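Work through the exercises below with the sequence and the structure at hand. Try each task before reading its solution.

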Amino acid sequence: MRFVVVRSSATGCEPNCPEWISAEGAIEAGTPTLLKRMLKKLGRRQLPIIVNSPGGNVEAAIQLGRIIRKNKLDIAVGATRFSGCWPGMKDCRANDGKASAYFGNPYASGAICNSACPLMFAGGVRRVVGGWAFLGVHQITTTYRREQVYYRTTYRIVHGRKKVIGTKVISRTDTGSYKTYEMSKAVERRLSAYLREMGVGRGVLDRMKATPASDIRQIALGDMRQMNLVTSFDSVDLLTLPTICTADPVPASCREVPPPADEAADVVASAQAAPAAAVEPESPTAKNIADMRFVLVRGSNPLCNPNCPEWISAEGTITAHTAEKLRQLLDGIGDRRLPIVISSPGGDVLGALAAGRLIRERKLDIAVARTDFIGCEPRQADCAAEDGVYSGLTVDVGGECGSACPIMLAGGVKRLVGPRAQLSVHSMGFEQRVKAYLEDMTVGPGMFSAMQSAQYSRYRQLEPEMMLKVGLTTGPGSADELTGPGICRSEPRPENCREASGAKAQASTPVKS
């Protein structure tokens, strides 16, 4: 396992960005020493640990847990996607002169904390896993090694008897080893005492004992919460989301780095030149993002030809005019019911309420994802879609729905958020209107509570399990359920499938080699 400090590379978070300790790899006997060295360099800074590990040495994992608890650090299961330089990369100078040696973004999907790693994890003050990371346990393997030791003993005769002067080991010979795959009573008592010390329930140890050493048993998020192995249903974003640095008080993991002198001068100059104007507060993530636009898209995957799904791509900031723009597009396509694929940082609350009611009125489905356009982008001035329909694919990664966007999402008949899309909420005013609207949309009261639990400008990301629990989503699926290339071969055929003319289908089908 190696430890490095990483600074968030998220767009727009500078000059005050969150940082964390990335801990990746197997736990070995020397790993606790490496962590101590890292924390000594950090001084009094308390950075969360983002761990991705298959496990390893049990004794070392317990030491790591105690070090983490002693230093009052939070921990999350996750991995870090580095940008610029990454650990182990030789002679990398991409981040020279910048605020950190390493930049990156954390993610939960596919990250693991297995075997001995949960013992390290138990040391965190706040402990989060989320629905897309994997935490698993199994029985402990103990290896016993036999060794033949040869000594040289020096003695002298005193009064007719041998008196030992000294004994020295002159050689050791390995004579074999054997392993046991069942936890001894002594080890069980030690682990049980450690978990009690960390405030974690006995259930973790019971799962370890019940799972063969040759297997790994994943612990469900709900069970982890019941065992107090996790402290909430949140994921890695609770500790690393860029917007946490806008909270009051600012978390200890945030570090403000002033821009270089020449950049600072430019900023001051522009501020002095700008005329004073009264503006309303806006969501930090909604700045400099264009107003929401709606366009028709046809799936470009050749596997669907000639009968491909179509959808409405909705991307950008929600404004007071968003509902009217959507109504104009829907009126233009007549009685066709096409699903909406949305990616938005949020925006105007009243605009979102109006758009959500329109979506429910027209009985439309909606999913959070972004649309990758093929060949022609809607905002390209020199690009015109054929017959007003663009070609594209839906992608979960990078799809977002924040601030007021979940309100619009709640209007859908079928509501889906893919495993790699992100949905976040916060309190945004108009409480009575929002609460009444969510009740009308048959979304449970837990959704309103989740929104109220995060103050304005402090976002709370919801995991898929939580979205299902509060009734915001209607199932665990993604946008592929509405736009995937295979849906038009199902019976009955979805309403958003449309067969292309012979010439178009032939042009769209790749030539076979």
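**Exercise 1.** Where does serine 424 lie, and is serine 424 buried or exposed?

*Solution.* Step 1: serine 424 lies in strand 22, residues 422–425. Strands (E, at least two residues) and helices (H or I, at least four) are DSSP runs, numbered from the N terminus. Step 2: the relative accessibility of serine 424 is 14%, so this residue counts as buried. Buried means under 20% relative accessible area, exposed over 50%, and partly exposed in between (1.4 Å probe, protein chains only). Step 3: leaving out residues up to four places away in sequence, serine 424 touches residues including Cys401, Pro406 and Tyr459. Contact means heavy atoms within 4.5 Å.

The model is predicted: local features need pLDDT of at least 70, side-chain atom pairs count only at pLDDT 80 or more, and totals for chains, interfaces and linings use all residues. Residues are numbered from 1 along each chain as its sequence is written, and side-chain values use heavy atoms, with hydrogens and water left out.

**Exercise 2.** Which residues of helix 12 are buried, and what covers them?

*Solution.* Step 1: in helix 12 (residues 431–440), the buried residues are Val434, Tyr437 and Leu438. Step 2: seen down the helix axis, these buried residues fall within an arc of 95°, so they line one face of helix 12. The arc is that of the directions from the helix axis to the C-beta atoms. Step 3: their cover includes helix 10 (349–361), helix 11 (405–409) and helix 13 (445–452). Step 4: the face turned away from the buried side carries the exposed residues Gln432 and Glu439. Step 5: threonine 442, which follows helix 12, has a positive phi, near 60°.

**Exercise 3.** How many helices and strands does the protein chain have?

*Solution.* Step 1: the secondary structure comes to 16 helices and 24 strands. Step 2: of the 513 residues in the protein chain, 46% are buried.
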